Amino acid sequence: MLLINNDDVAKLLSMKKCLEALEVGYKDLAAGNATYRPRIDVWAPTDGPDSYYRWGSMEGVCRTYGVFAIRMKSDVVRWPEGQNEQKFCIRPGTYCGLVMLFSIRNGEPLAIINDGILQHMRVGGGAGLGVKYLSRPDSSTVGIIGSGGMARTYLEAFAEVRKLKRVKVYSRSRERREGYAKEMEAKLGIPVEPMSNPEAVVRGSDIVATCTDSITPVLRNPEWIGPGMHVTNLDIREFAAEPVFKRFDVTVRLGDQTLPIGGRADAAFRPFHFAGYAAGQPDELARIPKSGVKMDIESFPKLVDVVTGRAKGRTSAEQVTCFINIGTQGLQFASAGGLVYRLAKERGIGREIPTEWFVQDVRD
């Protein structure tokens, strides 16, 4: 069994390879050879007055890579002033997220992978597939709102599927947006210009991406959105739903993000669209902000249906397209994680640990 850390993943997984792995997973899904269980959270109150413990998990199978994956994350979360989400494990600056891979051929535990780099890559890759299948082929100008890790992998993915000529970036921190511009321009060889406001980023762009940890809208004004634009997100809360979504001619979602609404699943706790189950007293549960987004995103077609021709995507250069980059998380960890494991075995990367630590002779 392999222990694969973030440095190992960074050596093994380029954005090009990540996109290829995700496409393998979605081809399996379209053919009935893959499946996934959407994200579900479990909540419990902490001792602090403004935070909550949150366990999140998601699972998937990719038959081509022969693996089942479960991704698990253990966070203490808080929402200072109700503007963004902050999280940590043990102390600020450290995090716990793990992907476990198992063989679907004999059930063998194959690997434990730190999820940090893999998470950024698979989310950015998902947004890249949205650009590949929904943006205009001649799209060359990108506007990015946000300057963190996801903003980096989003842009890397866009550069793999479109020939970019100009990038604009805005974040609230001048230092961070200028640092992002300098770093990504050097990395990709594309001019990246830091902007002082989000409107300047959105107007005139062919592709717009919101990549923030905000729990309130950062894309509010539909008048900023021009004909032919492609818009994508990191979190559904980043869009001012009612006015902005009316501006889109075509909206496609990556897949199911959580339990479907209806039936017994409706009883699940849903603060941020991810279904969950929560412990705590009413005054403690009140710490958790509720999303103001009232969108039935399950009504939109899935990307795999557009790719296979079962649903329509962009049909003209003037249409404004939206890609909701949420869902199929477990499948993405199975496909991208499956490739990482295969490459690690081929190249002798990762730390070997005894498989017998994880199996037993007592029937469970």
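Biologist: How many bridges join S2 to strand S14 (residues 276-278), and do the two run parallel or antiparallel?

Modeller: Two strands pair if DSSP finds at least two bridges between them, a strand being a DSSP run of E, at least two residues, numbered from the N terminus. Here, three bridges link S2 and S14, and they run parallel. Asp-41, for example, has Gly-276 in S14 as its bridge partner. Keep in mind that this is a predicted model, where local features need pLDDT of at least 70 and side-chain atom pairs count only at pLDDT 80 or more, while totals for chains, interfaces and linings use all residues. Residues are numbered from 1 along each chain as its sequence is written, and side-chain values use heavy atoms, leaving out hydrogens and water.

Biologist: Which way do S2 and S3 run, and how many bridges join them?

Modeller: S2 (residues 34-45) and S3 (residues 51-62) are antiparallel, with ten bridges. A hairpin of five residues connects S2 to S3, and Arg-37 sits opposite Glu-59 in S3.

Biologist: Now cysteines, please: why is Cys-18 too far for a bond?

Modeller: A disulfide is a pair of cysteine sulfur atoms within 2.5 Å. The closest cysteine sulfur to that of Cys-18 belongs to Cys-62 and is 12 Å away, so the gap is too far for a bond. Cys-322 is in no disulfide either, with the sulfur of Cys-211 nearest at 13 Å. The structure holds zero disulfides.

Biologist: Is Cys-322 buried or exposed?

Modeller: Buried means under 20% relative accessible area, exposed over 50%, and partly exposed in between (1.4 Å probe, protein chains only). Cys-322 is buried, at 0%, and Cys-18 is buried with 0% relative accessibility.

Technical notes: Helix = DSSP H or I, 4+ residues; strand = E, 2+ residues; numbered from the N terminus.
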